[in-house]
Amino acid sequence: MNKPHSDFIVAKSRAKYNEGYMPGFGNDFETEAEEGALPIGQNSPQRCPYGLYAEQLSGTPFTAPRASNERTWLYRMRPTVQHIADMVRIELPHFRSAPTADESGLPLAPMRWDPAPIPADAGTWLTGIRTIATGGDVLTQVGYAIHTYAVSESMNTEAFYNADGEMLVVPEVGRLRFFTEMGVIDVAPGEIVVLPRGLKYKVLLNGDAKARGYICENYGGAFTVPERGPIGANCMANPRDFLSPVAAYEQKDGTNHRVTVKWCGQFHTCEIGHSPLDVVAWHGNYAPYKYNLRHYSPVGPIRNDHADPSIFTVLTAPSGEPGTANIDFVIFPPRWLVAEDSFRPPWYHMNIMSEFMGLIEGVYDAKPEGFVPGGMSIHNMMLPHGPDADAFYAASLKKLEPEKLDNTIAFMFETRFPQQLTKYAAGLDTLQVKYPNVWKPLRNHFDPKRPVWNGE
(Lines give C-alpha, C1' and ligand atoms only; values in the text may rest on other atoms or scores of the structure.)
Protein backbone atom coordinates (compact mmCIF):
# COMPACT_ATOMS: atom_id res chain seq x y z
CA MET A 1 0.00 0.00 0.00
CA ASN A 2 1.02 3.63 -0.38
CA LYS A 3 3.08 4.98 2.46
CA PRO A 4 1.76 7.99 4.45
CA HIS A 5 4.24 10.84 4.96
CA SER A 6 3.07 13.61 7.27
CA ASP A 7 0.11 15.19 5.50
CA PHE A 8 0.71 13.68 2.05
CA ILE A 9 0.97 10.23 0.46
CA VAL A 10 4.09 8.89 -1.30
CA ALA A 11 3.57 6.40 -4.12
CA LYS A 12 5.35 3.07 -3.94
CA SER A 13 7.78 2.12 -6.68
CA ARG A 14 6.76 -0.15 -9.54
CA ALA A 15 9.10 -2.85 -8.26
CA LYS A 16 7.03 -5.68 -9.73
CA TYR A 17 8.14 -4.61 -13.21
CA ASN A 18 11.44 -2.79 -12.86
CA GLU A 19 12.96 -3.75 -9.54
CA GLY A 20 16.70 -3.18 -9.78
CA TYR A 21 16.38 -0.80 -12.74
CA MET A 22 15.72 2.85 -13.54
CA PRO A 23 13.41 3.59 -16.50
CA GLY A 24 14.05 6.03 -19.33
CA PHE A 25 16.23 6.34 -22.43
CA GLY A 26 19.22 8.67 -22.14
CA ASN A 27 18.21 9.94 -18.71
CA ASP A 28 20.68 11.49 -16.30
CA PHE A 29 20.53 8.90 -13.53
CA GLU A 30 21.96 8.77 -10.03
CA THR A 31 22.18 5.64 -7.89
CA GLU A 32 24.13 4.42 -4.87
CA ALA A 33 24.52 0.94 -3.43
CA GLU A 34 25.55 2.40 -0.06
CA GLU A 35 23.70 5.31 1.45
CA GLY A 36 25.66 8.54 1.15
CA ALA A 37 28.18 7.22 -1.39
CA LEU A 38 27.26 9.88 -3.95
CA PRO A 39 28.80 13.31 -3.37
CA ILE A 40 26.24 16.09 -3.13
CA GLY A 41 26.51 19.18 -5.30
CA GLN A 42 29.82 18.29 -6.96
CA ASN A 43 31.49 15.52 -8.94
CA SER A 44 35.00 15.36 -7.52
CA PRO A 45 35.31 16.32 -3.85
CA GLN A 46 38.65 16.47 -2.11
CA ARG A 47 37.75 13.29 -0.24
CA CYS A 48 34.94 11.10 -1.56
CA PRO A 49 32.54 9.39 0.87
CA TYR A 50 33.76 6.00 2.14
CA GLY A 51 37.25 6.75 0.78
CA LEU A 52 36.11 5.99 -2.79
CA TYR A 53 37.81 7.27 -5.93
CA ALA A 54 35.94 9.58 -8.33
CA GLU A 55 36.39 8.70 -11.99
CA GLN A 56 34.65 9.92 -15.13
CA LEU A 57 33.78 7.63 -18.06
CA SER A 58 33.15 9.71 -21.20
CA GLY A 59 31.28 8.32 -24.20
CA THR A 60 31.64 11.49 -26.28
CA PRO A 61 34.23 14.28 -26.60
CA PHE A 62 34.11 16.81 -23.77
CA THR A 63 32.88 19.49 -26.20
CA ALA A 64 30.03 17.48 -27.75
CA PRO A 65 26.75 19.45 -27.78
CA ARG A 66 24.82 19.22 -24.54
CA ALA A 67 22.01 17.23 -26.22
CA SER A 68 24.42 14.48 -27.30
CA ASN A 69 27.10 14.73 -24.59
CA GLU A 70 27.46 11.46 -22.68
CA ARG A 71 29.42 10.91 -19.51
CA THR A 72 29.07 9.21 -16.13
CA TRP A 73 30.86 9.76 -12.83
CA LEU A 74 31.80 6.53 -11.05
CA TYR A 75 32.67 6.23 -7.36
CA ARG A 76 34.77 3.11 -6.98
CA MET A 77 37.06 1.32 -4.56
CA ARG A 78 40.07 1.60 -6.87
CA PRO A 79 40.64 3.69 -10.00
CA THR A 80 40.84 1.81 -13.29
CA VAL A 81 44.51 2.74 -13.75
CA GLN A 82 45.04 -0.38 -11.64
CA HIS A 83 43.28 -2.51 -14.26
CA ILE A 84 45.91 -2.19 -16.99
CA ALA A 85 49.16 -3.26 -15.35
CA ASP A 86 51.43 -5.69 -17.23
CA MET A 87 49.11 -6.14 -20.19
CA VAL A 88 49.94 -8.96 -22.58
CA ARG A 89 48.65 -9.51 -26.11
CA ILE A 90 46.33 -12.49 -26.63
CA GLU A 91 44.52 -13.92 -29.62
CA LEU A 92 40.78 -14.51 -29.95
CA PRO A 93 40.87 -15.63 -33.58
CA HIS A 94 37.12 -15.88 -34.12
CA PHE A 95 36.34 -12.42 -32.65
CA ARG A 96 37.15 -10.18 -35.63
CA SER A 97 37.04 -6.49 -36.50
CA ALA A 98 36.48 -4.63 -39.77
CA PRO A 99 37.72 -4.76 -42.40
CA THR A 100 37.48 -8.43 -43.37
CA ALA A 101 37.31 -7.85 -47.14
CA ASP A 102 37.97 -10.55 -49.72
CA GLU A 103 38.49 -13.43 -47.32
CA SER A 104 35.33 -15.51 -47.78
CA GLY A 105 36.19 -16.81 -51.25
CA LEU A 106 32.49 -17.13 -52.10
CA PRO A 107 30.81 -15.71 -55.19
CA LEU A 108 28.38 -12.83 -54.84
CA ALA A 109 24.93 -14.03 -53.76
CA PRO A 110 22.26 -13.66 -51.08
CA MET A 111 23.19 -15.95 -48.20
CA ARG A 112 21.34 -17.82 -45.49
CA TRP A 113 22.38 -20.15 -42.67
CA ASP A 114 20.65 -22.72 -40.49
CA PRO A 115 21.22 -22.35 -36.73
CA ALA A 116 24.63 -23.45 -35.50
CA PRO A 117 24.41 -25.96 -32.60
CA ILE A 118 25.69 -24.79 -29.23
CA PRO A 119 28.83 -26.83 -28.49
CA ALA A 120 29.00 -28.42 -25.05
CA ASP A 121 32.38 -26.72 -24.61
CA ALA A 122 31.41 -23.35 -26.10
CA GLY A 123 33.17 -21.66 -23.20
CA THR A 124 32.73 -18.11 -21.95
CA TRP A 125 31.33 -15.03 -23.61
CA LEU A 126 34.77 -14.08 -24.95
CA THR A 127 35.73 -17.46 -26.36
CA GLY A 128 32.21 -18.09 -27.69
CA ILE A 129 31.95 -15.05 -29.98
CA ARG A 130 32.12 -15.77 -33.72
CA THR A 131 32.25 -12.91 -36.23
CA ILE A 132 29.99 -13.32 -39.27
CA ALA A 133 30.45 -10.09 -41.21
CA THR A 134 31.98 -6.63 -40.90
CA GLY A 135 31.80 -3.26 -42.63
CA GLY A 136 33.73 -0.03 -42.44
CA ASP A 137 36.99 0.18 -40.49
CA VAL A 138 37.54 -0.18 -36.77
CA LEU A 139 40.58 2.13 -36.91
CA THR A 140 38.56 5.06 -38.32
CA GLN A 141 35.62 4.36 -35.98
CA VAL A 142 33.03 3.88 -38.71
CA GLY A 143 31.03 0.76 -39.41
CA TYR A 144 30.31 -2.34 -37.42
CA ALA A 145 30.85 -6.06 -36.91
CA ILE A 146 28.10 -8.67 -36.60
CA HIS A 147 28.75 -11.70 -34.41
CA THR A 148 27.00 -14.72 -32.99
CA TYR A 149 27.73 -16.01 -29.51
CA ALA A 150 27.48 -19.37 -27.77
CA VAL A 151 28.06 -19.58 -24.02
CA SER A 152 28.38 -22.65 -21.78
CA GLU A 153 30.52 -21.18 -18.97
CA SER A 154 30.25 -18.10 -16.77
CA MET A 155 32.96 -15.44 -16.45
CA ASN A 156 33.24 -15.72 -12.67
CA THR A 157 36.68 -14.12 -12.25
CA GLU A 158 36.99 -12.44 -15.64
CA ALA A 159 35.94 -9.05 -16.95
CA PHE A 160 35.93 -7.49 -20.41
CA TYR A 161 35.59 -4.09 -21.97
CA ASN A 162 35.39 -3.06 -25.60
CA ALA A 163 37.23 0.14 -26.49
CA ASP A 164 36.21 -0.18 -30.16
CA GLY A 165 32.45 0.08 -29.96
CA GLU A 166 29.22 -0.49 -28.11
CA MET A 167 27.64 -3.95 -28.25
CA LEU A 168 23.95 -4.60 -28.87
CA VAL A 169 23.14 -8.14 -27.71
CA VAL A 170 20.11 -10.08 -28.97
CA PRO A 171 19.59 -13.36 -27.03
CA GLU A 172 17.91 -16.23 -28.86
CA VAL A 173 18.44 -19.19 -26.49
CA GLY A 174 19.16 -19.02 -22.77
CA ARG A 175 19.18 -16.32 -20.11
CA LEU A 176 22.26 -14.26 -19.33
CA ARG A 177 23.32 -11.93 -16.54
CA PHE A 178 25.53 -8.96 -17.41
CA PHE A 179 27.26 -7.83 -14.23
CA THR A 180 28.56 -4.40 -15.23
CA GLU A 181 30.42 -1.65 -13.44
CA MET A 182 27.12 0.21 -13.20
CA GLY A 183 24.91 -2.66 -12.04
CA VAL A 184 23.34 -5.97 -12.97
CA ILE A 185 21.24 -6.55 -16.11
CA ASP A 186 19.37 -9.83 -16.60
CA VAL A 187 18.20 -10.60 -20.13
CA ALA A 188 16.26 -13.41 -21.77
CA PRO A 189 15.19 -14.14 -25.36
CA GLY A 190 12.83 -11.39 -26.45
CA GLU A 191 14.93 -8.73 -24.74
CA ILE A 192 18.08 -6.87 -25.79
CA VAL A 193 20.93 -5.25 -23.88
CA VAL A 194 23.24 -2.45 -25.03
CA LEU A 195 26.72 -2.23 -23.47
CA PRO A 196 28.47 1.14 -24.01
CA ARG A 197 32.02 1.43 -25.25
CA GLY A 198 34.55 1.26 -22.40
CA LEU A 199 32.18 -0.34 -19.87
CA LYS A 200 33.64 -3.26 -17.92
CA TYR A 201 31.44 -6.29 -17.36
CA LYS A 202 31.32 -10.04 -16.99
CA VAL A 203 28.72 -12.38 -18.49
CA LEU A 204 27.16 -15.15 -16.41
CA LEU A 205 24.75 -17.93 -17.26
CA ASN A 206 21.52 -17.23 -15.43
CA GLY A 207 19.63 -20.46 -14.83
CA ASP A 208 20.32 -22.11 -18.19
CA ALA A 209 23.20 -24.42 -19.07
CA LYS A 210 23.79 -22.79 -22.47
CA ALA A 211 22.99 -19.60 -24.31
CA ARG A 212 23.07 -18.46 -27.91
CA GLY A 213 22.35 -15.23 -29.75
CA TYR A 214 23.50 -12.37 -31.92
CA ILE A 215 25.65 -9.25 -31.39
CA CYS A 216 25.99 -6.01 -33.30
CA GLU A 217 29.23 -4.19 -32.46
CA ASN A 218 28.79 -0.55 -33.44
CA TYR A 219 31.98 1.47 -34.08
CA GLY A 220 30.14 4.68 -34.97
CA GLY A 221 27.87 7.10 -33.13
CA ALA A 222 25.97 5.52 -30.25
CA PHE A 223 22.58 3.93 -30.73
CA THR A 224 19.66 6.21 -30.02
CA VAL A 225 15.91 6.05 -30.47
CA PRO A 226 14.86 7.17 -33.97
CA GLU A 227 12.94 10.32 -34.77
CA ARG A 228 9.23 9.61 -35.21
CA GLY A 229 8.49 12.39 -37.70
CA PRO A 230 4.76 12.60 -38.50
CA ILE A 231 4.08 9.57 -36.31
CA GLY A 232 4.27 12.02 -33.42
CA ALA A 233 5.17 11.65 -29.76
CA ASN A 234 4.18 8.03 -29.12
CA CYS A 235 4.54 4.44 -30.38
CA MET A 236 7.53 2.53 -31.70
CA ALA A 237 10.01 2.11 -28.81
CA ASN A 238 8.88 4.39 -25.99
CA PRO A 239 11.71 5.80 -23.81
CA ARG A 240 10.01 4.74 -20.56
CA ASP A 241 10.51 1.07 -21.47
CA PHE A 242 14.31 1.24 -21.54
CA LEU A 243 15.85 0.19 -18.22
CA SER A 244 19.28 1.00 -16.79
CA PRO A 245 20.54 -0.82 -13.68
CA VAL A 246 20.87 0.55 -10.18
CA ALA A 247 24.35 0.50 -8.68
CA ALA A 248 25.76 -2.86 -7.58
CA TYR A 249 29.28 -3.91 -6.66
CA GLU A 250 31.36 -6.84 -5.53
CA GLN A 251 34.32 -6.62 -3.13
CA LYS A 252 36.71 -9.47 -3.85
CA ASP A 253 40.11 -8.39 -2.61
CA GLY A 254 42.78 -11.08 -2.77
CA THR A 255 41.00 -12.93 -5.59
CA ASN A 256 42.77 -12.86 -8.94
CA HIS A 257 40.72 -11.55 -11.83
CA ARG A 258 41.59 -11.38 -15.50
CA VAL A 259 40.71 -8.15 -17.35
CA THR A 260 40.60 -8.27 -21.17
CA VAL A 261 40.27 -5.24 -23.42
CA LYS A 262 39.49 -5.08 -27.15
CA TRP A 263 41.37 -2.11 -28.60
CA CYS A 264 41.71 -1.34 -32.33
CA GLY A 265 40.80 -4.95 -33.12
CA GLN A 266 43.49 -6.35 -30.81
CA PHE A 267 43.05 -8.12 -27.49
CA HIS A 268 45.14 -7.46 -24.39
CA THR A 269 44.78 -8.94 -20.93
CA CYS A 270 46.21 -8.66 -17.43
CA GLU A 271 45.76 -10.18 -13.99
CA ILE A 272 44.70 -8.05 -11.02
CA GLY A 273 44.17 -9.01 -7.38
CA HIS A 274 40.59 -7.80 -7.01
CA SER A 275 37.34 -7.50 -8.89
CA PRO A 276 37.16 -4.47 -11.21
CA LEU A 277 33.37 -4.34 -10.69
CA ASP A 278 33.75 -2.21 -7.58
CA VAL A 279 31.63 0.86 -8.37
CA VAL A 280 29.57 1.71 -5.28
CA ALA A 281 27.69 4.66 -6.77
CA TRP A 282 27.37 6.52 -10.06
CA HIS A 283 25.54 9.33 -11.77
CA GLY A 284 25.30 10.32 -15.42
CA ASN A 285 23.77 9.48 -18.77
CA TYR A 286 26.36 7.06 -20.19
CA ALA A 287 25.06 3.71 -19.00
CA PRO A 288 24.06 0.23 -20.15
CA TYR A 289 20.40 -0.51 -20.71
CA LYS A 290 18.00 -3.24 -21.67
CA TYR A 291 14.71 -3.25 -23.58
CA ASN A 292 11.89 -5.78 -23.87
CA LEU A 293 11.05 -6.16 -27.56
CA ARG A 294 7.52 -7.21 -26.63
CA HIS A 295 6.87 -3.65 -25.46
CA TYR A 296 7.43 -2.29 -28.97
CA SER A 297 4.32 -0.51 -30.25
CA PRO A 298 4.26 -1.02 -34.05
CA VAL A 299 2.64 1.28 -36.55
CA GLY A 300 1.76 0.29 -40.07
CA PRO A 301 -0.55 0.64 -43.09
CA ILE A 302 -4.20 0.38 -42.08
CA ARG A 303 -5.67 0.76 -45.57
CA ASN A 304 -3.35 -0.42 -48.33
CA ASP A 305 0.21 -1.33 -49.32
CA HIS A 306 3.23 -2.48 -47.33
CA ALA A 307 5.27 0.24 -45.63
CA ASP A 308 9.06 0.48 -45.61
CA PRO A 309 10.71 -1.58 -42.82
CA SER A 310 12.09 1.63 -41.29
CA ILE A 311 8.77 2.00 -39.41
CA PHE A 312 9.94 -0.89 -37.22
CA THR A 313 13.24 0.73 -36.14
CA VAL A 314 13.97 0.27 -32.43
CA LEU A 315 17.42 1.92 -32.31
CA THR A 316 19.52 3.79 -34.85
CA ALA A 317 23.22 4.66 -34.90
CA PRO A 318 23.48 7.84 -36.98
CA SER A 319 26.14 8.66 -39.53
CA GLY A 320 27.20 12.11 -40.66
CA GLU A 321 24.62 12.02 -43.45
CA PRO A 322 21.03 12.85 -42.41
CA GLY A 323 18.67 9.93 -42.86
CA THR A 324 21.46 7.43 -43.52
CA ALA A 325 22.33 5.25 -40.54
CA ASN A 326 25.65 3.72 -39.69
CA ILE A 327 23.43 0.86 -38.58
CA ASP A 328 19.76 0.44 -37.65
CA PHE A 329 18.26 -2.19 -35.37
CA VAL A 330 14.84 -3.12 -36.76
CA ILE A 331 12.37 -5.75 -35.52
CA PHE A 332 9.35 -7.44 -37.05
CA PRO A 333 7.09 -8.04 -34.04
CA PRO A 334 3.62 -9.54 -33.66
CA ARG A 335 1.08 -7.27 -35.38
CA TRP A 336 -2.18 -7.14 -37.28
CA LEU A 337 -2.15 -7.26 -41.10
CA VAL A 338 -5.19 -5.42 -42.46
CA ALA A 339 -4.11 -3.77 -45.75
CA GLU A 340 -6.84 -4.08 -48.38
CA ASP A 341 -6.20 -5.29 -51.93
CA SER A 342 -2.49 -5.38 -51.12
CA PHE A 343 0.46 -7.74 -51.22
CA ARG A 344 1.12 -7.85 -47.51
CA PRO A 345 4.61 -9.40 -47.14
CA PRO A 346 7.69 -7.32 -48.01
CA TRP A 347 7.95 -6.60 -51.70
CA TYR A 348 10.84 -7.51 -54.01
CA HIS A 349 13.51 -4.85 -53.92
CA MET A 350 17.12 -3.83 -54.34
CA ASN A 351 18.46 -1.59 -51.61
CA ILE A 352 21.43 0.74 -51.16
CA MET A 353 21.53 -0.55 -47.57
CA SER A 354 22.74 -4.03 -46.55
CA GLU A 355 20.63 -6.30 -44.38
CA PHE A 356 21.54 -8.95 -41.81
CA MET A 357 18.49 -10.80 -40.49
CA GLY A 358 18.00 -13.14 -37.56
CA LEU A 359 14.99 -14.86 -36.04
CA ILE A 360 14.39 -15.07 -32.30
CA GLU A 361 11.11 -16.99 -32.33
CA GLY A 362 8.32 -18.11 -34.65
CA VAL A 363 8.18 -17.71 -38.44
CA TYR A 364 9.09 -14.76 -40.66
CA ASP A 365 6.25 -14.08 -43.09
CA ALA A 366 8.42 -13.55 -46.19
CA LYS A 367 10.39 -16.76 -45.64
CA PRO A 368 8.07 -19.42 -44.15
CA GLU A 369 10.54 -22.23 -44.91
CA GLY A 370 14.27 -22.47 -44.34
CA PHE A 371 14.59 -19.47 -42.03
CA VAL A 372 14.20 -20.65 -38.44
CA PRO A 373 15.06 -19.31 -34.95
CA GLY A 374 18.82 -19.10 -34.54
CA GLY A 375 19.35 -18.86 -38.29
CA MET A 376 20.55 -15.82 -40.17
CA SER A 377 20.69 -14.29 -43.63
CA ILE A 378 22.64 -11.57 -45.43
CA HIS A 379 21.21 -9.58 -48.34
CA ASN A 380 23.95 -7.21 -49.37
CA MET A 381 23.62 -3.80 -50.96
CA MET A 382 22.16 -3.75 -54.47
CA LEU A 383 21.47 -7.48 -54.48
CA PRO A 384 17.78 -8.27 -55.17
CA HIS A 385 15.74 -10.14 -52.58
CA GLY A 386 12.20 -10.62 -51.41
CA PRO A 387 9.60 -13.29 -50.60
CA ASP A 388 10.34 -16.85 -51.64
CA ALA A 389 8.05 -18.47 -54.20
CA ASP A 390 5.77 -20.12 -51.63
CA ALA A 391 5.29 -16.84 -49.77
CA PHE A 392 4.61 -14.95 -53.01
CA TYR A 393 1.90 -17.27 -54.26
CA ALA A 394 0.30 -17.70 -50.86
CA ALA A 395 0.10 -13.93 -50.32
CA SER A 396 -1.02 -13.20 -53.88
CA LEU A 397 -3.90 -15.66 -53.96
CA LYS A 398 -5.24 -15.85 -50.41
CA LYS A 399 -8.52 -14.29 -49.36
CA LEU A 400 -7.66 -11.04 -47.61
CA GLU A 401 -9.05 -10.71 -44.12
CA PRO A 402 -7.69 -9.09 -40.95
CA GLU A 403 -4.91 -11.44 -39.86
CA LYS A 404 -2.87 -11.55 -36.66
CA LEU A 405 0.80 -12.25 -37.27
CA ASP A 406 1.61 -13.68 -33.85
CA ASN A 407 4.30 -15.54 -31.91
CA THR A 408 7.14 -14.14 -33.98
CA ILE A 409 10.10 -11.83 -33.48
CA ALA A 410 12.51 -11.35 -36.37
CA PHE A 411 15.11 -8.60 -36.47
CA MET A 412 17.42 -6.86 -38.90
CA PHE A 413 20.74 -5.03 -38.63
CA GLU A 414 20.58 -2.64 -41.61
CA THR A 415 23.69 -0.68 -42.54
CA ARG A 416 24.99 1.67 -45.23
CA PHE A 417 28.15 -0.48 -45.50
CA PRO A 418 28.59 -3.67 -47.55
CA GLN A 419 28.69 -6.72 -45.31
CA GLN A 420 32.05 -8.43 -45.79
CA LEU A 421 31.72 -12.09 -44.87
CA THR A 422 34.40 -13.66 -42.67
CA LYS A 423 36.19 -16.86 -43.59
CA TYR A 424 34.58 -18.49 -40.55
CA ALA A 425 31.04 -17.69 -41.74
CA ALA A 426 31.83 -18.80 -45.29
CA GLY A 427 33.03 -22.17 -43.99
CA LEU A 428 30.06 -23.00 -41.77
CA ASP A 429 28.39 -26.27 -42.72
CA THR A 430 25.06 -24.62 -41.87
CA LEU A 431 25.37 -22.33 -44.92
CA GLN A 432 22.48 -22.99 -47.30
CA VAL A 433 24.43 -23.10 -50.54
CA LYS A 434 21.25 -23.47 -52.61
CA TYR A 435 19.43 -20.60 -50.90
CA PRO A 436 18.85 -18.56 -54.14
CA ASN A 437 16.85 -21.51 -55.47
CA VAL A 438 13.88 -20.38 -53.33
CA TRP A 439 13.07 -17.89 -56.11
CA LYS A 440 13.39 -20.29 -59.06
CA PRO A 441 9.74 -21.48 -58.96
CA LEU A 442 8.53 -17.92 -59.66
CA ARG A 443 6.86 -18.05 -63.10
CA ASN A 444 6.21 -15.55 -65.87
CA HIS A 445 2.46 -14.87 -65.74
CA PHE A 446 2.34 -12.13 -68.34
CA ASP A 447 -0.36 -12.41 -71.02
CA PRO A 448 -1.21 -9.24 -72.98
CA LYS A 449 -4.73 -10.60 -73.56
CA ARG A 450 -5.40 -11.09 -69.82
CA PRO A 451 -5.18 -7.87 -67.82
CA VAL A 452 -6.44 -9.52 -64.61
CA TRP A 453 -4.35 -12.37 -63.19
CA ASN A 454 -6.07 -14.76 -60.78
CA GLY A 455 -3.32 -17.29 -60.32
CA GLU A 456 -3.73 -19.30 -63.51
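Phe332 is buried, as is Tyr364, where buried means under 20% relative accessible area, exposed over 50% and partly exposed in between (1.4 Å probe, protein chains only). The model is predicted: local features need pLDDT of at least 70, side-chain atom pairs count only at pLDDT 80 or more, and totals for chains, interfaces and linings use all residues. Residues are numbered from 1 along each chain as its sequence is written, and side-chain values use heavy atoms, with hydrogens and water left out.

**Exercise 1.** Classify the ring pair of Phe343 and Phe392, and state how accessible each residue is.

Solution. 
1. Rings of Phe, Tyr and Trp (its six-membered ring) pair if their centres lie within 6.5 Å; planes under 30 degrees apart are stacked, over 60 edge-to-face, and the rest tilted.
2. The centres of Phe343 and Phe392 are 5.6 Å apart with planes at 40 degrees, so this pair is tilted.
3. The pair links distant parts of the chain, 49 residues apart: Phe343 is in the loop between strand 25 (335-337) and strand 26, and Phe392 is in helix 2 (residues 389-397). Helices (H or I, at least four residues) and strands (E, at least two) are DSSP runs, numbered from the N terminus.
4. Phe343 has 24% relative accessibility and counts as partly exposed, whereas Phe392, at 16%, counts as buried.

**Exercise 2.** Give the strand order of the six-stranded open sheet and name its edges.

Solution. 
1. Two strands pair if DSSP finds at least two bridges between them.
2. The order is 8-27-26-29-24-23, with antiparallel pairing.
3. Strand 8 (111-113) and strand 23 (313-318) are the edges, each pairing on one side only.
4. Strand 23 and strand 24 run antiparallel and are joined by five bridges; Thr316 has Asp328 in strand 24 as its bridge partner.

**Exercise 3.** Describe the surroundings of Thr430.

Solution. 
1. Thr430 lies in the segment after helix 3 (423-426).
2. Its relative accessible area is 10%, so Thr430 is buried.
3. Contact means heavy atoms within 4.5 Å.
4. Not counting residues up to four places away in sequence, Thr430 touches Arg112, Trp113, Asp114, Pro115 and Ala116.
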